[in-house]
Amino acid sequence: MKKQIIIIALSLLGITFLNDVKAQTLTTSQVENAIKKNGKYALLVQNPKHFMVSVMTGEEYKAKSPKIEFEIVLIGEVVKDLAEKEDLKSFIQKAEKAGIKIVVCEFAMEKLGVKKSQYQPSILTTPNGFTYLFGLQELGFKTITL
């Protein structure tokens, strides 16, 4: 019995030390280039700076492949900012031109006193931004919340 335990222990040690430990050997460029040409990506955004960066990211993705689906879902204070701040209007136009879908939470609109008529026609609304994001996840979108 003692011999068997020693043999098993030595075998386990041998397996442990003889196996190569494989760390990620990809470069950052290789990782970034792993984005699928027909991928589905969505960002849940709460502030204007994140909205602007989200549009720029979406433009980059769509320039690489028009088949990529890219959506930006807006909740919180950015909902009001999008309706009122002039500096965000150019980002709405960039998103529209690139084929990026912008969806605004109606619950946030109601709480912040924003009407759909304050938005450009290309902007869509949804009753609940969280529910919409969960729906995108169920449809296979990779999502990030900012």
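The protein has seven helices and five strands, where helices (H or I, at least four residues) and strands (E, at least two) are DSSP runs, numbered from the N terminus. Their order from the N terminus is α-α-β-α-β-α-α-β-α-β-α-β. This is a predicted model, in which local features need pLDDT of at least 70, side-chain atom pairs count only at pLDDT 80 or more, and totals for chains, interfaces and linings use all residues. Residues are numbered from 1 along each chain as its sequence is written, and side-chain values use heavy atoms, with hydrogens and water left out.

Of the 146 residues, 32% count as buried; buried means under 20% relative accessible area, exposed over 50%, and partly exposed in between (1.4 Å probe, protein chains only). Among contacts (heavy atoms within 4.5 Å) with a separation of 6 or more, 71% join residues 24 or more positions apart.

Now consider helix α7, which spans residues 129–138. Gly-129, Leu-133 and Leu-136 are its buried residues. Seen down the axis of α7, these fall within an arc of 55°, so they line one face of the helix; the arc is that of the directions from the helix axis to the C-beta atoms. Their cover includes β1 (40–45), β2 (69–74), β3 (101–105), β4 (124–126) and β5 (142–145). On the other side of α7, Thr-131, Phe-134 and Glu-138 are exposed.

The two ends of α7 remain. At its start, a side-chain oxygen of Asn-128 comes within 2.8 Å of the backbone nitrogen of Phe-130. Just after α7, Gly-140 has a positive phi of about 95°.

Terms used: A polar contact is a pair of N or O atoms within 3.5 Å; within protein, one must be able to donate a hydrogen and the other to accept it, and residues adjacent in sequence count only if both atoms are side-chain atoms.
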